[in-house]
Amino acid sequence: MYIIENEILKIEIQPKGAELQSIYNKNLSIEYMWSGDPAYWGKKSPVLFPIVGTLKEDTYLYENKTYHLSRHGFARDMDFTVTDQTPSSITFTLTRTDDTFIKYPFQFRFDIVYSLKENQLRVMYRVVNKGNINEPMYFSVGGHPAFKLPVLPGNKYNDHYLEFNKNETAGRWLISKEGLIENASTALLNDSNILTLTKELFYSDAIVLKELRSDKVKLVCKSVGEIFEFDFTGFPYLGIWAARDADFVCIEPWCGIADSVNTSQQLIKKEGIIKLDSTDQFERSWKLTIY
């Protein structure tokens, strides 16, 4: 387990999946992350790479060849290497292996950089195309951090809501039993920026949102006030999820999305897929600011 900290925050990350395990407020003696109880969901903050969500039949097509990737890709189950560390910052790196090349025929470097500044955690994803000249790579990337609810003792799950920084009229894109995005959405927000959290909200899987006007969302407790702000600037999709009846909520910034039910399975035509030219790099960051 690796630790970085400053005067306010202390975080822990395990090398498997470079997965965040703890966000601890030293001044208030508060843990913000889900416990990882395997009775509900044994993970805490898996990284999603080189795909987000589910492929139809766990399969995609690229240059007339068939490849197979399980849900959310392979990065979350692989050991990353620490390539840089300071007291308040740490970089984890994953590169192509013989095993990844069978599933994903691209040369890549994938860095996850965790850094602290005062009361803010920044998580940056950097993808570098290490392939030959004129060989683009295609990928998606996203986060899946789970925050415990209630955060503070004496409160209940239903005492909390998410407050977007702009009013939204947004539908919830439905998910099929195979984990694919349906062709229709159902009403969720109607010129509102408040989403009240209930466990029943997730009984039919995650809330999937597209084309939001907002780029930030706050977790608020009715009796306490603002707990934290989650900044997902630059991520075109947002997932909100919890395992059935579990005491957490995931706020998931995505550059990419699961296959649609009518997908062609062609990787280069997949919704949300990112094309990265040779020797180029891609960066996106999400930020958590503790109140």
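These are my notebook entries on a predicted model.

**Entry 1**

I began with the strands. I found an open sheet of 9 strands, in the order S7-S8-S9-S10-S22-S18-S17-S14-S15. The pairing in this sheet is antiparallel. Strands of a sheet pair through backbone hydrogen bonds, either parallel or antiparallel.

Next I asked which strands stand at the edges. They are strand S7 (81-86) and strand S15 (181-196). Each has a single partner strand, so one side of each is left without a neighbour in the sheet. I also looked up the twist, which averages 20° from one strand to the next.

I then picked out one pair of neighbours. S9 and S10 pair in the antiparallel sense over 10 bridges. Isoleucine 112 stands opposite tyrosine 125 in S10.

**Entry 2**

I found another open sheet, with 4 strands in the order S1-S2-S3-S4. Its pairing is antiparallel too. The edge strands here are S1 and strand S4 (30-31), and each pairs on one side only.

I went through the pairs in turn. Strand S1 (residues 2-5) and strand S2 (residues 9-14) are joined by 4 bridges. How many residues lie between S1 and S2 in their hairpin? There are 3. Isoleucine 3 has glutamate 12 in S2 as its bridge partner.

S2 also runs antiparallel to strand S3 (residues 19-25), with 6 bridges joining them. In S3, tyrosine 24 is the bridge partner of lysine 10.

**Entry 1: the nonpolar cores**

I turned to the inside. The largest nonpolar core has 86 residues. Among those with the most contacts inside it are Phe110, Leu121, Phe228 and Ile240. Apart from this core lies another, of 8 residues, which include Val52, Ile181, Val208 and Tyr237.

I checked what isoleucine 240 touches, setting aside residues up to four places away in sequence. The list includes Leu162, Phe164, Leu195, Phe202 and Val249. Cys250 is on the list as well.

**Entry 2: aromatic rings**

I searched the whole structure for aromatic pairs and got 26. A pair of aromatic rings is described by the distance of the centres and the angle of the planes. I looked at phenylalanine 110 and tyrosine 125. Their centres are 6.3 Å apart, with 40° between the planes, and the pair is tilted.

Where in the chain do these two sit? Phenylalanine 110 is in strand S9 (residues 108-117) and tyrosine 125 is in strand S10 (residues 120-129). They are 15 residues apart, and the pair links distant parts of the chain. Are phenylalanine 110 and tyrosine 125 buried or exposed? Both are buried.

Both also belong to one aromatic cluster. Its other members include Phe49, Tyr62, Phe74, Tyr138 and Phe282.

I then looked for charges over rings. The charged end of arginine 96 sits over the ring of phenylalanine 101, 4.2 Å from the ring centre. Lysine 210 lies over the face of tryptophan 173, at 4.1 Å from the ring centre.

Why does alanine 258 count as buried? Its relative accessible area is 9%, and buried means under 20%.

I listed its contacts, leaving aside neighbours within four places in sequence. Alanine 258 is in contact with Val52, Gly53, Thr54, Gly179, Ile181 and Lys270. Val52 and Ile181 are also among the residues of the core of 8.

Most residues other than glycine have a negative phi, and most peptide bonds are trans. I looked for exceptions.

A cis peptide bond joins phenylalanine 49 and proline 50, with omega about 5°. Proline 50 is in the loop between S4 and strand S5 (59-62). The bond from leucine 149 to proline 150 is cis as well, with omega near -5°. Proline 150 lies in the loop between strand S13 (146-148) and strand S14 (160-175).

Glutamate 63 has a positive phi, near 50°. Its place is the loop between S5 and strand S6 (65-68). Glutamate 63 is exposed, with a relative accessible area of 60%.

Glutamate 118 has a positive phi too, near 55°. I found glutamate 118 in the loop between S9 and S10. At 54% relative accessibility, glutamate 118 counts as exposed, because the cut-off for exposed is over 50%.

Technical notes:
Residues numbered from 1 in each chain as written. Predicted model: local features only at pLDDT ≥ 70, side-chain atom pairs only at ≥ 80, totals over all residues. Heavy atoms only, no water. Core = buried A, V, L, I, M, F, W, Y, C linked by side-chain atoms within 4.5 Å. Buried < 20%, exposed > 50% of the residue type's maximum accessible area, 1.4 Å probe, protein only. Contact = heavy atoms within 4.5 Å. Phe/Tyr/Trp six-rings, centres within 6.5 Å; stacked < 30°, edge-to-face > 60°. Lys NZ or Arg CZ within 6 Å of the ring centre and 35° of its normal. Pairing = 2+ DSSP bridges. Axes fitted to C-alpha atoms, helices over the stretch in contact; angles between N-to-C directions.
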